[in-house]
Amino acid sequence: MPATDPTLRALAHPVRLRMMSLIWTVPLSAAELARELGISHALASQHLRRLDAVGLVELAEVRANRGGRERRYRAVHGTPLSEQQEGAPLLAEALSFNLRERAARRAPHRAGVTADAELWVDPEAWEDFRHRLAALLVDLHDAARAPRSPGAVHVGATVMAFPLAGHGHGYGRGRT
């Protein structure tokens, strides 16, 4: 069994996935992340170090804070979640954990989108959908504001869409 990619291992933890979402648009310190995630400052720092070690976050600024120095980090854009294949089960587990946790916090009587699908489509239709879905998620990330910004809506989005293997129906194979 091949060793799991260090980037995937760093991303395959629900807290680190949430951190990446939170610091996608605005830099945050370990203390700010700890408050937002409801974890200890030490644990937030540990998770940040793990993300930093594999190049998923970068130091955005150091600023004075109550006589000390606060290091704020941001996500390095273009992180390769979509390209992870070997460790997809690890990533799926972290995503499903976050989905269960977010679903429990869903705002009552507020519109959302829920879908599940296992379909057979033409390769061109799949590629078109995949590109449009990726573009929509980029748009959502680009629209993100700092946590708890006045007037912002707190949303959760968990998506994992991919071609399924088996039964001779992959790319380049005829349907049986």
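What percentage of the 176 residues of the chain count as buried? The share is 26%, where buried means under 20% relative accessible area, exposed means over 50%, and partly exposed lies in between (1.4 Å probe, protein chains only). This is a predicted model, in which local features need pLDDT of at least 70 and side-chain atom pairs count only at pLDDT 80 or more, while totals for chains, interfaces and linings use all residues. Residues are numbered from 1 along each chain as its sequence is written, and side-chain values use heavy atoms, with hydrogens and water left out.

**Overall architecture**

- The chain has six helices and three strands; helices (H or I, at least four residues) and strands (E, at least two) are DSSP runs, numbered from the N terminus.
- Along the sequence, these elements follow the pattern α-α-β-α-α-β-β-α-α.
- Of the contacts in the chain between residues at least 6 apart in sequence, 63% join residues at least 24 apart, a contact being heavy atoms within 4.5 Å.
- The accessible surface of the chain is about 12,400 Å², and 55% of this belongs to carbon and sulfur atoms; the areas come from the Shrake-Rupley method with a 1.4 Å probe, and for residues only the protein chains shown count as cover.

- Three strands form an open sheet in the order 1-3-2, with antiparallel pairing; two strands pair if DSSP finds at least two bridges between them.
- Its edge strands are strand 1 (28–29) and strand 2 (57–65), each of which pairs on one side only.
- Strand 3 (residues 68–75) pairs with strand 2 in the antiparallel sense over eight bridges; Glu61 stands opposite Arg72, and Arg63 stands opposite Glu70.
- The pairing of strand 3 with strand 1 is also antiparallel and has two bridges, with Leu28 opposite Tyr73.
- Two residues lie between the strands in the hairpin of strand 2 and strand 3, where Arg66 takes a positive phi near 50 degrees.

**Helix 3 and its cover**

- Helix 3 (residues 30–37) is mostly covered, with six of its eight residues buried.
- These buried residues are Ala30, Glu32, Leu33, Ala34, Glu36 and Leu37.
- Their cover includes helix 2 (14–22), strand 1, helix 4 (41–53), strand 2 and strand 3.
- After helix 3 comes Gly38, which has a positive phi near 70 degrees.

- Thr158 lies in the segment after helix 6 (123–143).
- Thr158 counts as partly exposed because its relative accessibility is 28%.
- Apart from neighbours within four places in sequence, Thr158 is in contact with Leu95, Leu99 and Arg102.
- Thr158 and Arg102 are 56 residues apart along the chain, and their C-alpha atoms are separated by 9.3 Å.
- The side chains of Thr158 and Arg102 are joined by a polar contact of 3.0 Å; such a contact is a pair of N or O atoms within 3.5 Å, and within protein one must be able to donate a hydrogen and the other to accept it, while residues adjacent in sequence count only if both atoms are side-chain atoms.

**A nonpolar surface patch**

- Leu140, Val153 and Val155 form a nonpolar patch on the surface, with about 270 Å² of accessible area together.
- Patches are made of residues with over 30% relative accessible area and no salt bridge, joining like charges within 9 Å and nonpolar side chains (Val, Leu, Ile, Met, Phe, Trp, Tyr) within 5 Å; a salt bridge is a side-chain nitrogen of Lys or Arg within 4 Å of a carboxyl oxygen of Asp or Glu.
- Leu140 is found in helix 6, and its 42% relative accessibility is why Leu140 counts as partly exposed.
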